[in-house]
Amino acid sequence: MGYFELIIACIFVNNILLAQFLGNCPFMGTSKKMETAVGMAMAVIFVLVLAGTITWVIYTFILVKFGLIYLRTIAFIVVIASLVQFVEMFLKKSIPALYAGLGIFLPLITTNCAVMGVCVLNIDKEFTFMQSLTASFFYAVGFGLALILFAGIRERTLLARVPKPLQDTSIALITAGMISLAFFAFQGMV
Amino acid sequence: MAKTIVQEFTKGLWQELPPFRLVLGLCPVLGVTTTMENGLGMGIATTFVLFGSNLLVSLLKNIIPQKVRIACFIIIIASFVTIVELLMQAYAYPLYLKLGVFIPLIVVNCIVLGRAEAFAYKNGLSHSMADGLGIGIGFTLSLGALGAVREILGAGSVTVWGDMSYNMASAFPSFQPFSFMVQAPGAFICLGLMLCLINVIGD
């Protein structure tokens, strides 16, 4: 698979949120306002690129080499959790403006299954290092795209008159279904 | 907070029924419920992890320091997820292949971490076990129900157990399955409508 196809596949065809259902908690949780959606999208792109490459290196050069593949889940979650902590401390110290922008979204990323999911997918699909790097970045871009699109629509549904039982999460899920249907049109492109 | 063990158990079945009352852990809910069997399998795996992590967290709650508790919870949960992964590879390999990436992702299921943090870390052993089991069974039933609805509408028939199955065509000969339901968009819409139904019943 060429890199161009990989990029299209990661952003649109296999969109992490709408086609693979990973990272749906922040998708529902942070999409009520455009501002928080943008913050979350940026934080995910930042962490996912780091996590995707680092877990690939650890898996290939440590776990496979020493026959410890069964420790994959534990190793990955520890790497992701400590990476998020480290990134948080680093940003606080050196780039306070960015830290203030990402703020509360950074710690939430530890339990974002999009991050862990992409790390596992990179391994399952037997990607090379460069492919993992590309896939991690563009999966994150796809996440951001879907989240920001969804936040734009959700801000408007707040103003619409929705029947009472359908309010809030229920209508949000149905809206997400419609966007997912739109993304469905990309199926079979790659 | 003086609830009996039975109350802790039953609240997971309705009052705090995940994922409808507690809108957490949506990824497996949407991702694996293409058939009822997958939904139930995922639910049982999650219940095991939830029960084990609640038990261990509540046992160790006096040893785990406040500041690093989240990291400790995650390690405990990850250990149980690894146990489930290995058990499923040994005894339920076809199901393991179908659920795929969602099995390791139980680690980051917000429900499991949420119960450890909000309940097991503050409550006694027997209450935590009841809570974990109740929430887990509630989660399993929800996943099974969602899977059954999607399978009936999307594929036209539902496999109940082994060879036993219910076919829509026998009751409604003109029924045409709409495959939309077992694919990605159907998951969101079906969950949204079920949430709406639960809200109506709840009121």
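A residue counts as buried here if 20 or more other C-beta atoms lie within 10 Å of its own.

What about the length of the helix? α3 of chain B covers residues 36-59, and at 1.5 Å a residue its 24 residues should span 34 Å. The end C-alpha atoms are 34 Å apart, which agrees.

## How confident is the prediction?

Chain A has a mean pLDDT of 88, with 98% of its residues at 70 or more. Within chain A, helix α8 (residues 129-157) comes out highest at 94, while helix α6 (residues 105-108) is lowest, with a mean of 76.

## The nonpolar core

The largest nonpolar core takes in 113 residues. A:Val44, A:Val115, A:Met116, A:Phe143, A:Leu147 and B:Ile77 are the ones with the most contacts inside it. Helix α3 of chain A (residues 34-63) gives the largest share of this core, 10 residues.

Take B:Ile77 from that list. Setting aside neighbours within four places in sequence, B:Ile77 touches B:Val49, B:Ser53, B:Val107, B:Val112 and B:Leu113.

## Two helices crossing in chain A

A pair of packed helices is described by the angle between the axes and the distance between them. For helix α1 (residues 3-13) and α8 of chain A, the axes come within 7 Å and cross at roughly 35 degrees. The crossing of α1(A) past α8(A) is right-handed.

On the α1(A) side, the residues involved are A:Tyr3, A:Leu6, A:Ile7, A:Cys10, A:Ile11 and A:Phe12. The α8(A) residues they meet include A:Phe138, A:Tyr139, A:Val141, A:Gly142 and A:Leu145.

## Where the chains meet

The contact between the chains involves 33 residues of chain B and 33 residues of chain A. On the chain B side, α2 (26-31), α4 (69-91), α6 (110-120) and α9 (184-202) each give two or more residues. The largest share of that side, 11 residues, comes from α9(B).

## Two positive phi angles

Most residues other than glycine have a negative phi. A:Glu126 has a positive one, near 55 degrees, and sits in the loop between α7 (113-124) and α8 of chain A. A:Glu126 counts as exposed because it has 8 C-beta neighbours inside 10 Å.

Phi of A:Asp168 is positive too, near 65 degrees. This residue lies in the loop between α8 and α9 (169-184) of chain A. With 16 other C-beta atoms within 10 Å, A:Asp168 is partly exposed.

Key
Residues numbered from 1 in each chain as written. Chains lettered and ligands numbered in written order. Predicted model: local features only at pLDDT ≥ 70, side-chain atom pairs only at ≥ 80, totals over all residues. Helix = DSSP H or I, 4+ residues; strand = E, 2+ residues; numbered from the N terminus. Expected span 1.5 Å × (residues − 1). Core = buried A, V, L, I, M, F, W, Y, C linked by C-beta atoms within 7 Å. Buried ≥ 20, exposed ≤ 12 C-beta atoms within 10 Å, placed from the backbone. Contact = placed C-beta atoms within 7 Å. pLDDT = per-residue confidence, 0-100. Axes fitted to C-alpha atoms, helices over the stretch in contact; angles between N-to-C directions. Left-handed = near helix turned anticlockwise from the far one by under 90°.
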